[in-house]
Amino acid sequence: NLYGGFIVTIYCFHYFIAILHSVNNVRENMHSHTLEIVTYVRNNKNTYEQFDEIEKYAGSFLSRYDNHYMNDMAEFEGDASVEYIAEVFFEKISAILEDNGYSLERLEMSETPLRTYIISRTI
């Protein structure tokens, strides 16, 4: 490794998806958000990769949720809060990346520029 093993290299990707949800599971209270999702991905293969090679894994996964009412989806039934959505995304994206030689180190999800929920393996 070029850095003598002391520095960890991370790829950072920004995604935007539009969602509909209601926090209390009442359809009449449905509202929309454009979520900004930022992923920090470590390449565990010790090889240089093209950005688009790594980016496609989370991007493909997240596209399934774009423009959907989250409460109607089985994984969010009963809890479609932004925090819970972020936790589900973190677990699912982590599994996809790990199957392909990467690890998700951090995920940030913002419902507005002033509100961000962060899940991280380290501080």
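1. Contact here means heavy atoms within 4.5 Å. On that basis, and in a model that is predicted, Met 70 touches Ile 19, Leu 20, His 21, Tyr 65, Phe 76, Ala 80, Ile 85 and Phe 89, neighbours within four places in sequence being left aside.

2. Met 70 also belongs to the largest nonpolar core, which has 31 residues. Together with Ile 37, Phe 76, Phe 89, Ile 93, Leu 107 and Met 109, Met 70 is among the members that touch the most others. Two or more residues each come from strand S1 (10-21), strand S2 (31-43), helix H1 (51-63), helix H2 (82-98) and strand S4 (102-112). H2 supplies the largest share, 8 residues.

3. Strand S1 has two faces. Tyr 11, Phe 13, Tyr 15, Ile 17, Ile 19 and His 21 form the covered face, while Ile 10, Cys 12, His 14, Phe 16, Ala 18 and Leu 20 form the uncovered one. In a regular strand, side chains alternate between the two faces of the sheet.

4. S1 runs antiparallel to S2, and 12 bridges join them. S1 also pairs with strand S3 (residues 68-69), in the parallel sense, over 2 bridges. Leu 20 has a bridge partner in S2, Ser 32, and one in S3, Tyr 69.

5. Ser 81 sits in the loop between S3 and H2. Its relative accessibility is 13%, so Ser 81 counts as buried, the cut-off being under 20%. The side chain of Ser 81 makes a polar contact of 2.9 Å with the side chain of Asp 79. A polar atom of the Ser 81 side chain also lies 3.1 Å from the backbone nitrogen of Tyr 84.

Terms used. Residues numbered from 1 in each chain as written. Predicted model: local features only at pLDDT ≥ 70, side-chain atom pairs only at ≥ 80, totals over all residues. Heavy atoms only, no water. Core = buried A, V, L, I, M, F, W, Y, C linked by side-chain atoms within 4.5 Å. Buried < 20%, exposed > 50% of the residue type's maximum accessible area, 1.4 Å probe, protein only. Helix = DSSP H or I, 4+ residues; strand = E, 2+ residues; numbered from the N terminus. Pairing = 2+ DSSP bridges. Polar contact = N/O pair within 3.5 Å; in protein donor to acceptor, adjacent residues only side chain to side chain.
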